[in-house]
Amino acid sequence: MQVAQYLTEQLIRWGVKRIYGVAGDGIFAWLDQIAKQSDIPYIACKHESAAAMMASAEAKLTGNPAVCTATMGPGFVNLLNGLADAHTDRAPVIAITGQVETYKLGGAYKQFLSQEDMIRPISFYSTTITHPDAIQSALHKAFVMAMQQKGVTHLAICKDVFTQTTSDAVLAALPRIPHAIYPDRMEIELACEQVAKSQKPLILLGIGARKSADSCVKLAEQLGAGVLLSLGAKGAVDESHPLVIGGWGEGGSETALHALAEADLLLIFGASWFPRAFLPKKLSVIQVDHQPGSIHAHPYLQSVTAELDDVLPIWMRRLQSRKPDDAWQEQIKRWHGEFGKETEQAVIQQASEQVKPQTLMHTLGGVVNEDAIIVLDTGEHTIWFNRAFRGKKQTPLFSGKWRTMGFGLPAAVAAKLTYPEKQVVCVTGDGGLQMNLAELLTAAQLQLPIVILVVNNGTLGLEEVKMSQAGFIPFGVKLRNPDFQQLAHACGISGKVVKEVQALEPVLREALAANQLTLVDIHCTSPTLTERKKQISFQAQA
């Protein structure tokens with residue numbers, strides 16, 4: 001069979017759910033084969049960057065490999081931003097791109113460049129297919145490496161190779177990828193001894209602790225430990241739990257700073273994020289993570305390289321006789337109450353006022369489904385979501401370490417395709433939305449019932465805030481926005497506007513209940529973000 005047919009049939013056999021891409025002459029022969037089958041939907045995007053972001057979002061949500069494609073030259077280059085997001089957030093994505101004909105490789109031909117050289121910093125494997133009988137082994141390696149390393153791999157297939165005949169047979173299955181880490185019992189026991197000695201413990205949960213969240217909460221209750229949540233862990237624990245006292249870092253709570261100043265131990269579970277400036281310099285830390293590369297370099301940190309589910313049962317058995325410190329438990333309860341008041345005070349507004357972003361996030365938390373997927377673009381609103389949204393069982397989806405603007409809308413499309421039964425809400429800034437605005441038409445073409453909330457404040461809010469905090473006059477951040485409601489209507493989708501606080505909740509409820517693609521243009525105030533670092537009491541510690 002031809003390489004294009006082989007590639008399609010092999011992806012079907014390996015259970016690929018969909019292919020995100022943009023058409024181009026380098027992959028015409030493959031698109032022709034994709035069109036002749038119905039097992040794998042092809043999602044025709046408006047921009048290759050969005051296609052890669054969609055694949056990244058699907059891989060983040062499922063943990064399974066996702067596929068995106070583009071033509072050679074500019075098509076391939078456009079993929080790189082979305083692929084960098086997948087690489088930095090450890091999402092298994094396979095990019096399959098076209099390349100010039102084999103006889104043009106290395107020459108001064110239009111759209112030729114060395115794709116392997118360009119993608120090397122953000123991939124675990126990349127190769128160019130120049131012979132039809134190389135497709136089986138290269139594709140197999142790309143999938144295995146993406147699954148094993150949890151990251152990006154890439155195949156560039158020369159244009160003429162797609163139509164050549166391969167003698168390779170379609171493989172029945174991929175090998176099982178074991179991810180288990182064999183724990184060191186002595187390491188676990190030594191860390192447990194330190195936990196037993198602590199009187200004022202705190203626990204930080206990261207995105208890697210989501211699947212073990214119930215056990216983490218049981219340990220916190222056993223220890224009388226306050227619980228901090230990273231952005232990725234929001235929704236893993238209901239924030240009404242009396243031990244939850246907010247987040248850590250710029251998106252965290254003032255209450256958490258008070259707790260960190262008094263704590264004698266911080267347990268980090270499944271969090272690769274480490275805002276060192278927000279950590280008291282001599283606070284003892286124990287980090288449990290199955291990825292050695294996620295263990296932080298810190299002089300007072302004791303590491304346990306293991307799965308949480310292997311560590312927590314041992315600790316809970318060993319610590320059964322340990323009695324929590326009553327005074328610390330009472331203090332945690334008071335901080336939990338202050339955490340709630342902190343949010344309530346931040347969102348106090350008159351009904352006729354323009355909406356503050358923190359008011360939007362807090363209100364959204366009260367009306368969205370408990371198991372919704374909340375897709376966040378990057379900007380000031382992302383930090384306010386972390387501070388003001390009170391999670392229950394929702395799943396946040398965002399660009400974590402890459403932090404690219406424009407992620408929200410493409411990721412929301414992928415989220416709804418991946419979990420059509422779940423409510424999907426995209427929260428995006430006016431700047432972020434305009435970076436991938438054309439994907440509104442992709443969502444409309446697919447008839448996806450997503451709710452898109454646009455934080456419309458006429459500026460790149462986070463950049464404006466950071467420039468001001470650094471002593472600069474904000475420049476180059478003001479936006480001339482379109483009428484987003486009219487724009488939505490032009491795309492054939494429902495558009496709504498919120499200009500005052502009193503309209504916010506009713507419009508949100510209406511949009512969420514409509515079960516149709518809806519854009520809500522929320523006219524928000526200028527940036528309101530306060531600098532959390534200025535509230536740190538322990539910055540001057542020796």
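Reply: The open sheet consists of 5 strands in the order β8-β7-β9-β10-β11, with parallel pairing; two strands pair if DSSP finds at least two bridges between them. The edge strands, β8 and β11 (301–305), each pair on one side only. Neighbouring strands of the sheet are turned by 20° against each other on average, with direction ignored.

This is a predicted model, in which local features need pLDDT of at least 70 and side-chain atom pairs count only at pLDDT 80 or more, while totals for chains, interfaces and linings use all residues. Residues are numbered from 1 along each chain as its sequence is written, and side-chain values use heavy atoms, with hydrogens and water left out. Strands (E, at least two residues) and helices (H or I, at least four) are DSSP runs numbered from the N terminus.

Strand β7 (residues 201–205) pairs with β8 in the parallel sense over 4 bridges. Within this pairing, leucine 202 has glycine 226 of β8 as its bridge partner. Helix α8 (residues 213–223) lies across β7, β8 and β9, and runs at about 170° to β7; such angles, from 0 to 180 degrees, are taken between the N-to-C directions of lines fitted to C-alpha atoms, for helices over the stretch in contact.

Leucine 266 has contacts (heavy atoms within 4.5 Å) that include Leu202, Leu228, Trp248 and Ile286, leaving aside neighbours within four places in sequence. Leu266 is also among the residues with the most contacts inside the largest nonpolar core, which has 58 residues. A nonpolar core is a set of buried Ala, Val, Leu, Ile, Met, Phe, Trp, Tyr and Cys residues joined through side-chain atoms within 4.5 Å. Apart from this core lies another, of 54 residues, including Cys68 and Leu448.

A search of the whole structure finds 6 aromatic pairs. Rings of Phe, Tyr and Trp (its six-membered ring) pair if their centres lie within 6.5 Å; planes under 30 degrees apart count as stacked, over 60 as edge-to-face and the rest as tilted. The rings of tryptophan 248 and tryptophan 273 have centres 5.8 Å apart and planes at 75°, and the pair is therefore edge-to-face. Tryptophan 248 lies in the loop between β8 (226–229) and α9 (254–262), and tryptophan 273, 25 residues apart from it, in the loop between β9 (265–269) and β10 (284–289). Tryptophan 248 is buried at 1% relative accessibility, whereas tryptophan 273 is partly exposed at 30%; buried means under 20% relative accessible area, exposed over 50% and partly exposed in between, with a 1.4 Å probe and protein chains only. Ring pairs link Trp248, Trp273 and Phe274 into a cluster.
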